[in-house]
Each structure stands twice: as C-alpha cells, then as structure tokens.
Amino acid sequence: MFNKILIANRGEIACRIIKTARSMGVVSVAVYSDADRHALHVQMADESVYIGPSPSTESYLVADRIIQAALETGAEAIHPGYGFLSENAEFCRLCEANNLIFIGPPVESIVAMGSKSAAKTIMADAGVPLVPGYHGEDQSAEVIRQAANQMGYPVLLKAAAGGGGKGMRAVYAEEEFDQALEAAKREARNSFNDDIMLVEKYLLKPRHVEIQVFCDSHGNAVYLFERDCSVQRRHQKVIEEAPAPGMSEALRQQMGEAAIKAALAINYQGAGTVEFLLDSQGEFFFMEMNTRLQVEHPVTEMISGQDLVEWQLRVASGEPLPCSQDQLQIKGHAFEARIYAEDPEHDFLPATGSLKILQPPAESAHVRVDTGVVEGDEVSIYYDPMIAKLMVWDTDRERALQRLTGALSEYRIGGLTTNIGFLYNLATSAAFQNGDVDTGYIEEHEAEIFRRRDSDIDYAAPLAAAAIIELREQQAQAVAHNSTEPNSPWHLSNSWGLPQPQLQIQIQQNEVNVAAESHSDLSHSKIATTAKGFDLFTPQGFFRCAEVTPDLGLALDDSSDGSLHAPMNGTLVSLQVEVGAQVSKGDSLLVMEAMKMEHCIEAPSDGTVTEFYFQAGDLVTGGAELLAFESSAE
Ligand code: ADP
C-alpha cells in the first residue's frame, strides 16, 4: 500500500478520498487554488500545496503543476477524483513518465473510452448492444443530417468528447437540425475543445441504468450491481438509487455480465461505470463507459457495504480485488440526492453566494452527507455549484425514501438559492414513490414537482396560515419569556378579542387570502424560516411561503423576469439579432454561458433591441442589464 497520495481535486470528492486514505493509514496531500485557500479539503488533508489562481484552467487542470506538487511532497500516487483530470489520457501518461501511479485505469482504457464514437466501435466489436446511430469520422453537417433523417426523428446529437450533458441536443424535426448541430458543436468546443459529434436515435422514456465494475491487475473482474440514475434535468443526474426499482435478478446478471464484457474489451483496471439505456421491454443498450469513480458511487457503497475508494487504492497498489463476485450481495436500498446552489424555478440556473446557514441533517447509519464546504463558505463562479451529496440507506425502498424526504426537510441552507425544495417535491411525487421512473421524469411530472396546480395551492394555503399562527405564537412566547411581565395579555398572539384576521399569503408565485385557522397536517410538516418567509415541507410536497404584509419587503421572489438582465455571472457567447431588427416574443436575443452551460436570453415581447451593452466574449456579472429593448406589443 502507498504511504502517501496526492488528491488532484477539490470539494466533496477530495474530502471523501482523504477520509478513506486516513482510515487506511495513507498520508494525504491536497492541492488548492486561490479560491480554495481555506477550503475544507485543505484543512482535512495532512499536507497541502498551492497550485495557482482560482480558474480551474490555471490550477486544477494544470497537469504539470499537479505532477510537480506530487514530486515535491513525495506522494507515490495521484487520485484524480472525478471531473478535472480524471479522464485525461495525457495526464495519465505524465504520471507514468514521472514514476507516479495514477489511481485509475491504464492510459489505453482512457483513450479507448475517451471518445464516445470510438467507444461505440469497440463495444460493437465486443458484442455489447448499442443504441442505433451514426458515429463515423465524416463530420460534415450533410452526412450527420442524412444519418438523422434516415434514422427518423427524434434524434440526439452528442459530443464525442462529451460529459455532464454538455454538447448534447435533442432534435425533433429536420428543420431544427442545423441550428441544433451548431449549438451543440459550440457548447462542445467551449467545454472540451473538441466538436466531433455523433448522432443517436433518441429513445423515448428509457431508464438510465449503470453498472459499477471493478477490475484488478490479476485478471479479476466483478460488478457491484446497478444504479438507477433516470431522474435527470438537462441530461444530468439529480437523484440516484441502488438497486434499480423493479430490477429482476436475471436482468441484473445479464447487464452485469455485459458490463464486465465491456470492461474486459479494453483491458480495464480499477473502478469504472458502464452506462446503459434500458427500455420498457427490458432491452438495454450501451451508452458509454466512465473510466473513473462516479459522483453517485456512495449508493453502491451503502448497498454493498464496500468502500470503493479503498478498493481503488488497493487495486492501484497492485493488490487483488478484496471480494469475488459471489461474495458480493445487495443489502437494503440507498438514495443519493445532489444538493446544488441553483434555481430550479429559473431553468436550474447556477447560483453563487455565501452559505450563511449550512446545517445538514445529523449523520447516522442511515444518513450520510458528503460535502466540501462548511457554514460561511462561498459557492463561487469558478467551480461546480454542488454543495453536498445526501445519501440515505434503509432495509427497503419505501423506508429509504422516507429517510430521504425526512433528511431533505431537515437540511437548512440559507444565503443562496438551492434545489432542496425541488428535490423534496421529486422525492414525494407519486410516481417516484412507486419507482416508476424514466429519463423524462422531470418534464412529465413538471406540474406536480413545481407545484403549479390549483389543488396544491388549495392544500398549502390553510397550512401556510396555520404555520404563520404557529410561528407568531412561538415568537410571542419568546418575547414574553424575555420580558419583565411574561404574563401580560399584550404578549398573547391570538389577537385577543378581535375577530380572526384574514391572512394574505404568498405561496410560490401566487398570492391568496385565507382565514387563519389551525390545520391538522401541520403536525406532520416541517417549517424552516428563511430570510424572506418560510419553507413548508408537508406530506404532499414543498411550498415556499411568506405572509404578505404591506411594504415590509417580505415578498418572495425578488428576481426580475430574467429577460433582459444577466441571470448569472458568465460569459456572453453570441448576439443573436441585429440592433434594430424586429423580433417576436420568445426569439433568442443573445446566448450566455456559465459553468459551461449555455443560457438563451429571449425577447420578452414583440419589439426591437435598441442597444446591446456587451459584446461576445465579455464577462458579465449576474444581474447586469444586457440590452435595451423596445416593445412593440400593446
Ligand atoms: P454525458 O456523458 O454528457 O453525461 P451520456 O451519454 O451519459 O452523456 O447521456 C446522458 C443522458 O442523456 C443519459 O443518462 C440519458 O438520460 C440521455 N440519453 C443519452 N443518450 C440517449 C438516447 N440515445 N436516447 C435517449 N436518451 C439518451
């Protein structure tokens, strides 16, 4: 076993690796940028090395600098975590050239899977089933469009170098094809510096089921069962679970063996994930193989009782796998929810800011929180806005799900917008409770998840009113308790003698009037007060509420309609119209990019742009006015 390893990453994954290294008696070296000088992973590691300015292109992605840090500190091996350099063949080669062990697969395996197109060719040869599509070398728009036309729409364009859902576009008709190809290529160029595309049949409502595999240098290979990662937004995973609901033992074995076949076809070593799309008939198709530890690996750890980072360190140091296939067993059920600084109500725009309040639920045998931040830290524009991963485990799915909703309702984050309410609504939605998931889940259940139905408001309004009475009561008691006359009737909160007032309440974006009465469901709900009101976690979902009081500034949503202001810090990618040209409501006016994701700013009504205040390539601060718009609508 190694004496010392360097972790070429940051955030929760760096912290998670350090924990296992410590438990194995391995010394850990962290690296950090300017923004991460005081970060948790730096505090947790035994040693740390400064590697450069905040942008990852000047620090976490600078291979030479990381190699140098490992050599300086005498680390024998480098764990790349996920993202950053974890699937970078050049970095892997550099490690080898400097006698450092890369904790991951051999460089040839990374190269083989690095391109989705090349990977598909290898898998087809190995007899692994593929999604029908074109992954050829001829990259002319004509040829790709022809392939799409032949397959029939809808099709999915994908960047060969892609990851994280970037450079991916669904196309529903030939008319949209050219524009979609151009946008996907641009996103791919920005993210991966490579715009080679492939096109696949866009399967309707498949499930995303992936298999965790592990191989050692002695020829052993096992699969640690599956994870269902169907619940996605913009092709990015939101809630993952293991095992997959409704999975039969026969299908599990079939997929597990196909995954091992895929791994062996590229002489794999270490931890890897083979991703499949599974259709409603139980047919499955290879999508890609990720040659690293996945974000969602903890659900596999929870149901298998294994520490995958420990396995990685053992395999990389030349030991055989700790277990054989027949020693591995599934125990219970686990979920992971990714807690993000983002605004689900506004197209999941990444949020930045200070974590003024950060109180995760208590950890136990059932609840695990992997994070790289503490209260007071910043979620900056430089890195992924994930705050934490919340994992829960219990003996069966129903109980585990109850743990999940319970833990989500106890998670307190203040200071910036998060997706916790959205995750709670997802986890309490009826079809999810039944395990009836597919990759279109969020779009299909939008009304329920975003609580945009009248019935939700009818349900939430009396509850919110009851919550306001409860909160007033608590405040009144606190004031009375601290006063010199605790028994004075002036401390009563029930408006003694006066008729019960009507309350005006804002729930999500709606304002309603409701009589103030108690409500029995309040005893099954949790209330979290926020700066602007309170959050209500009820048996039927999450509701953001506030009492509407004149001029007290309690109104909930102070964000603008987002139309002509920059919705986040980012770069202006392109102007889509000429100044003075007539545009229609909904037309794209300009494209911004943040966190490598493009966001389109649309015309709020028919009219003309009279001036753009920024040009392509400019860095824009969130909230800045982007353009002057003259509406021609009534
Ligand atoms: P990335 O590497 O960018 O994450 P993937 O190839 O893993 O991209 O795909 C991400 C997600 O996109 C999948 O989990 C699935 O939901 C969806 N997807 C990918 N390919 C298809 C397809 N051919 N049909 C339908 N959905 C797909």
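Colleague: How is the protein chain divided into domains in this predicted model?

Modeller: There are domain 1 (4-103), domain 2 (105-131 + 207-331), domain 3 (132-201), domain 4 (339-451), domain 5 (454-547) and domain 6 (564-631). These bounds come from an automatic or database domain assignment. As for spacing, 41 Å separates the C-alpha centres of domain 5 and domain 6.

Colleague: What makes β24 and β25 a pair of strands?

Modeller: Pairing takes at least two bridges between two strands. Strand β24 (residues 502-507) is joined to β25 by 6 bridges, so the two count as paired, and they run antiparallel. Within that pair, isoleucine 505 stands opposite valine 512 in β25.

Colleague: Which strands make up the open sheet, and in what order?

Modeller: Its 5 strands follow the order β25-β24-β28-β27-β26, with antiparallel pairing.

Colleague: Why are β25 and β26 called edge strands?

Modeller: Both β25 (510-515) and β26 (526-529) pair on one side only. From one strand to the next, the twist averages 30°.

Colleague: What does α13 touch on the sheet?

Modeller: Helix α13 packs on the sheet and touches β27 (534-538) and β28 (541-547). The direction of α13 makes about 140° with that of β28.

Colleague: How do you know whether α13 is enclosed or open?

Modeller: A residue is buried when its relative accessible area is under 20%. In helix α13 (residues 420-428), 9 of the 9 residues are buried, so the helix is largely enclosed by the rest of the structure. Among them are Ile420, Phe422, Tyr424 and Asn425.

Notes. Residues are numbered from 1 along each chain as its sequence is written. This is a predicted model: local features need pLDDT of at least 70, side-chain atom pairs count only at pLDDT 80 or more; totals for chains, interfaces and linings use all residues. Side-chain values use heavy atoms; hydrogens and water are left out. Buried means under 20% relative accessible area, exposed over 50%, partly exposed in between (1.4 Å probe, protein chains only). Helices (H or I, at least four residues) and strands (E, at least two) are DSSP runs, numbered from the N terminus. Axes are lines fitted to C-alpha atoms, for helices over the stretch in contact, and angles run from 0 to 180 degrees between N-to-C directions. Contact means heavy atoms within 4.5 Å.
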